[in-house]
Amino acid sequence: MTEAAYIYDAIRTPRSRGKADGALNEVKPIDLVVTLLREMQARHDLDTARVDDVMLGCVTPVREQGAVLPKIALQKAGWAQNVAGAQVNRFCASGLDTVNTAAAKVASGWEDLVCAGGYESMSRVPMGSDGGPFAEDPETNIRTGFVPQGVGADLIATIEGFDRDAVDAFAMRSQKLAAHARDSGWFDRSVVPVRDENGLVILERDDFIKPDTDMQKLGALKPSFAGPGAMGYDLIALAKYPEVERIEHVHTPGNSSGIVDGASLVMIGNERAGRDLGLTPRGRVVSVALTATEPTIMLTGPGPAAKKALAKAGLGMDDIDLVEINEAFASVALKLQRDLDVPDEKLNVVGGAIAMGHPLGATGGCLVSTMLDELERRRLKRALICMCVGGGMGIATIIERV
Amino acid sequence: MPFHYEKDADGVVVVTMDMDGQSANTMNAQFRELMAQTMDRLEAEQGLTGVVIASAKKTFFAGGDLNALLAVETADETYFRYVEENKAFLRRLERLAVPVVAAINGAALGGGYEIALACNRRICVDDPAAVTGVPEVTLGLLPGAGGVVRITALLGLEKALPVLLEGKPHAPARALELGMIDQIVPDRESLIPAAKAWIRANPDAHVQPWDRKGFRYPGGDADAPNVRMTATVAPTLLIRKTRGLSPAPERILDLAVNSMRMGFDSALRAESRAFCKLVVSREAKAAISTFFFGMNALKSGRFRPEGPRWRARSAAVIGAGMMGAGIAYAHAERGLETALRDVSDEAARAGKARAGAIAEARAKKGRLSAAEAEALTARIRPTAQDDFAGADVIVEAVFEDLALKEKVIADTFPLLSEEGIYGTNTSTLPVSILAEACPDPARFIGIHFFSPVEKMQLVELIAGEKTSAETIRKAWDYVRQIGRIPIVVNDSRGFFTSRVFGTYLDEGMALLRDGMAPAAIERAAWKIGMPVGPLQVHDEVSLELTMKVHATHKALDARLGVENGFPADNAATLAVAGPMVEMGRLGRKAGAGFYDYGPEGRRLWPGLAQFAQGPGASMRDAEDRLLWRQAIEALRCLDEGVLRSQVEGDIGSIMAIGFPHHTGGALRFIRGMGPEAFKARADQLADAWGERFRLSERALARLRDDGRAAA
């Protein structure tokens, strides 16, 4: 690496239920992004002309989220004309992928200051609206053995022996930790209120968290993927996992990531850019990794990706103080914990997407901001962030406080 | 002139298809020539106001020439062009500047319906024989003369898929309801006048919907949410059924969906490419050979001894258990009065009640009227006496016990009418030995029904050493009389079907012994296309039965002074089923077998681990072992003369024991991959897993020598 890739800041909008009754439903996807662009500029009195590129993740980049929204958002937010923009889709890794790519651009020395992050208004552009051959081209669907991710999550639980109680208990933990963190003001530095055209607050803090959840309420929820499984997806998945007699469908809306609206923005640059602009680095990107694993079970990529990032950095798990695994499904987090032998006290210490929601393309950036906040608050050094990704991919990023 | 061309005073030309030297119009070389001439003439015709396509045959048009399709070996540029040229005629027809009407006087299936689709209106005579549809999928093909593309455009994706994927022929009323035809007229004479009247009334209706500007697919265009949902879900629903083993429905589904995402002519071309791919597929060859030519040969009586048709007027079934009641039901369903005999009135009445319950269940589903169900059940007379003297057919269906059967046969044979035949419903016992119990073995035959009788269409007739040709013929006619499909085999322990089925069960247990995870064994069976895994199906038929049959054969061995007369290698059966039965794990009815049966359904019994002696087999080996064992046993049956024809082996293996449909049967499976490739793999399996996979050179030679005669 020729240059250190410093993280100068990482911010996000609050997250809210991604349905018509969610608080952010009335906000256009582009305005979620504009909110953060304006905040980033204002917070640092940023000379935006120094920014080379703004790449934002979005998993459903169609209609009002489409046509390279990030570039248009730059215009709308009044950033300098010379700033370029791009929209990136690597399924759920989109946001973290932009962070990693931004770090790579900076580290290579070819760019000095790059913004990353993502956006997703799942209430306005529902998941799957973009179609694509994986699901919607019958030949491709059949050849590749298309199976919804939830069936894969249930298959992981079945193979690993995570029963309904185990995944529900993990969900409970997420809710309690997230509620405590939010109520303690631990998210306040990073979460930027979303306001209307009059400056009135539409949403100030995360409102998806359900602090009063208990095991009984969780246990009463119906499995989400038993129906699709019975329709034929179980058989397709089991054809690849012949020794599994049946898939235990343990995941429900209660122990899977929430469908929410939200956006994130991370600013990464080299030392000189920071110095010139009077920015203080909060952390730096140590190493990144991408990989892909068996696509039918789909969600076992985080472990291998994390190991790859550790190896690249020459680090072991003992060198990692906090681990953040995106809680796409409880079984994914529990599997990562098992793969890397992560002690409870290091894992998702402020809860995760089960409690706060997973605004697909935005989530990677959200995780960077929560980890930076926690490293600072706890005065710790390193965090490992990893996510499961559609198609069996896995992504990881190791950051450290400076 | 085999396409009659007749123009009336109003300028309407009626083209009447009447192809030379064939009883039906088909898509062949002659057709191409005729179409070329006709289209040239129509396009040049002055004062043309409309066209009616009609037929002088009993049917409208019969579709493709299957012999020609079987002969296609490579999907090369020449063949692709040939397919394209065929459909180009239809494109020219539908682009004429005048309305074109199909006057459907009889069956219009496959290519016939595709011709009708290229017309602006389809008028059909009100005759149940005038069916329309595209059965290509059942032959491993797709309707390649525009059928997939036009049906999708005509009906919309959601309505088109069942028509295309099920391939059913539809009677006029149903076809009208589905939108496949536009109008029904009461008789043939009304067809042409109705067609001409429509042309007169709609002189401008000459542009097909899909050629109009702003065409929208009925039920939604390609990007409508419901259509996208169908495109996403339909593959899964299909794979659940086909398990990815049948390329034809997959290609049809893909093409139907994708035809909506491209231009009409591009879609027609894509359809031709997919058709070429399917024509040369092993699955299409298998389906055409077995389900068309094979089934036709079988139904037309190629394997029936010659002689006059015979019809049983009355029957008796001895033994009112599940099989006996099912046979009585099958009789009654086709109007054959039947005495159902058991040892007591209660038992006999219980048997009748069982048959009555089947009728009732069908009435509930609307497949019978209440009156029909009642009349059907009334044809069964329960009795505890030998009071059915003069019966034309007696079928004994008592328990598979040699001594019991011998006694029943001796007691009841004399009650047969003078010309009657006596059938024993045994699944494994040698008919020739049972025949010794009766005074006239020439009139004695094995009639092997399958369970559940009311659903299973196949009946295996077993000719004993002394069974006369006349008895075989009568039994054959009797089986057809009750609406079933007969195959005739020669005597052997287990005959054909039970022998092959036994190898399937045995190989499942062999895999268990080799250490394969029980779930993986069942999964391997699913992957190769078996309807039920070998462990589950064994629970269904019961392990107890397996061991009782074994005991019966042991007794028979002792009587005959032979070592192990049951032909299949059954080492695994003895090593697993024996102990299981001793442990009281008798099968599903006992609530415990390979599976435990609880309120949450079926779960594999963890105790099966005790049978594992090795590290397991790869999935590929497991899948092949289950297939090869059965195919090898079928080949041995052919070699030993138990099977009299390959077709009967193929149809019997599919219909009786569920040998994977896409293979076209156990012997066609070998032929499909080629005897050499089959043997090479068999040798690998023999080296790795045992001599039961070794093939005799002679057996294989039979398959090689028979060559194309198999079809």
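Here is a friendly chat about a predicted model with chains A and B.

Visitor: Hi! Which residues make up the contact between the two chains, and how many come from each?
Guide: Hello! Chain B puts in 22 residues and chain A puts in 18 residues.

Visitor: Which helices of chain B supply residues to that side?
Guide: Helix H9 (225-242), helix H10 (247-259) and helix H20 (518-528) of chain B each give at least two residues to the side that touches chain A. H9(B) contributes the most, with 9 residues.

Visitor: And how do the residues on that side of chain B divide into nonpolar, polar and charged?
Guide: They split into 13 nonpolar, 3 polar and 6 charged.

Visitor: Switching topic: what is the order of strands in the 6-stranded sheet of chain B?
Guide: The order is S1-S2-S3-S4-S6-S8 in an open sheet, and the pairing is mixed. Strand S1 (3-7) and strand S8 (183-185) of chain B are at the edges with a single partner strand each, so one side of each has no neighbour in the sheet. From one strand to the next, the twist averages 20°.

Visitor: How do S2 and S3 of chain B run, parallel or antiparallel?
Guide: Strand S2 (residues 12-17) and strand S3 (residues 50-55) of chain B run parallel and are joined by 6 bridges.

Visitor: Which strands does helix H1 of chain B lie across?
Guide: Helix H1 (residues 29-44) of chain B lies across S1, S2 and S3 of chain B, and runs at about 15° to S1(B).

Visitor: What about the sheet of 8 strands in chain B, what is its order?
Guide: That open sheet goes S11-S10-S9-S12-S13-S14-S15-S16 (chain B), again with mixed pairing. Its edge strands are strand S11 (380-383) and S16 of chain B, each pairing on one side only. On average, neighbouring strands in this sheet are turned by 25° against each other, direction ignored.

Visitor: Where does helix H25 of chain B pack?
Guide: Helix H25 (residues 646-657) of chain B packs on this sheet and touches S15 and S16 of chain B. The direction of H25(B) makes about 120° with that of S16(B).

Visitor: Let's stay with S16(B). How many of its residues are buried?
Guide: In strand S16 (residues 485-490) of chain B, 5 of the 6 residues are buried. Strand S15 (residues 458-463) of chain B pairs with S16(B) in the parallel sense over 6 bridges. One pair to look for is B:Leu458 with its bridge partner B:Ile485 in S16(B).

Visitor: How does the chain cross from S15(B) to S16(B)?
Guide: The path goes through helix H18 (residues 469-481) of chain B, making a right-handed β-α-β crossover.

Visitor: Now for the inside. How many residues are in the largest nonpolar core?
Guide: There are 227 residues in the largest nonpolar core, and those with the most contacts inside it are A:Ile268, A:Ala396, B:Ala103, B:Ile104 and B:Leu164. Leaving aside neighbours within four places in sequence, the contacts of A:Ala396 include A:Val288, A:Pro302, A:Lys308 and A:Leu384. A second, separate core has 122 residues, among them B:Trp476 and B:Leu627.

Visitor: You mentioned B:Leu164. Which residues of helix H6 of chain B are buried?
Guide: In helix H6 (residues 157-166) of chain B, the buried residues include B:Leu157, B:Leu161 and B:Leu164. The buried residues of H6(B) pack against strand S7 (132-133), helix H5 (147-155), helix H7 (172-178), H9 and H10 of chain B. Just after H6(B) comes B:Gly167, with a positive phi of about 70°.

Visitor: Which residues other than glycine have a positive phi?
Guide: Examples include A:Arg379, at about 55°, and B:Ser542, at about 85°. Most residues other than glycine have a negative phi.

Visitor: Are those two buried or exposed?
Guide: A:Arg379 is exposed, with 8 other C-beta atoms within 10 Å. B:Ser542 counts as partly exposed, with 18 C-beta neighbours inside 10 Å.

Visitor: Last one: which residues does the cis peptide bond in chain B join?
Guide: The bond joins B:Ser451 and B:Pro452, with omega about -5°. You will find B:Pro452 in the loop between strand S14 (444-449) and S15 of chain B.

How values were computed:
Residues numbered from 1 in each chain as written. Chains lettered and ligands numbered in written order. Predicted model: local features only at pLDDT ≥ 70, side-chain atom pairs only at ≥ 80, totals over all residues. Contact = placed C-beta atoms within 7 Å. Helix = DSSP H or I, 4+ residues; strand = E, 2+ residues; numbered from the N terminus. Nonpolar A, V, L, I, M, F, W, Y, C, P; charged D, E, K, R; others polar. Buried ≥ 20, exposed ≤ 12 C-beta atoms within 10 Å, placed from the backbone. Pairing = 2+ DSSP bridges. Right-handed = clockwise from strand over helix to strand, strands pointing away. Core = buried A, V, L, I, M, F, W, Y, C linked by C-beta atoms within 7 Å. Axes fitted to C-alpha atoms, helices over the stretch in contact; angles between N-to-C directions.
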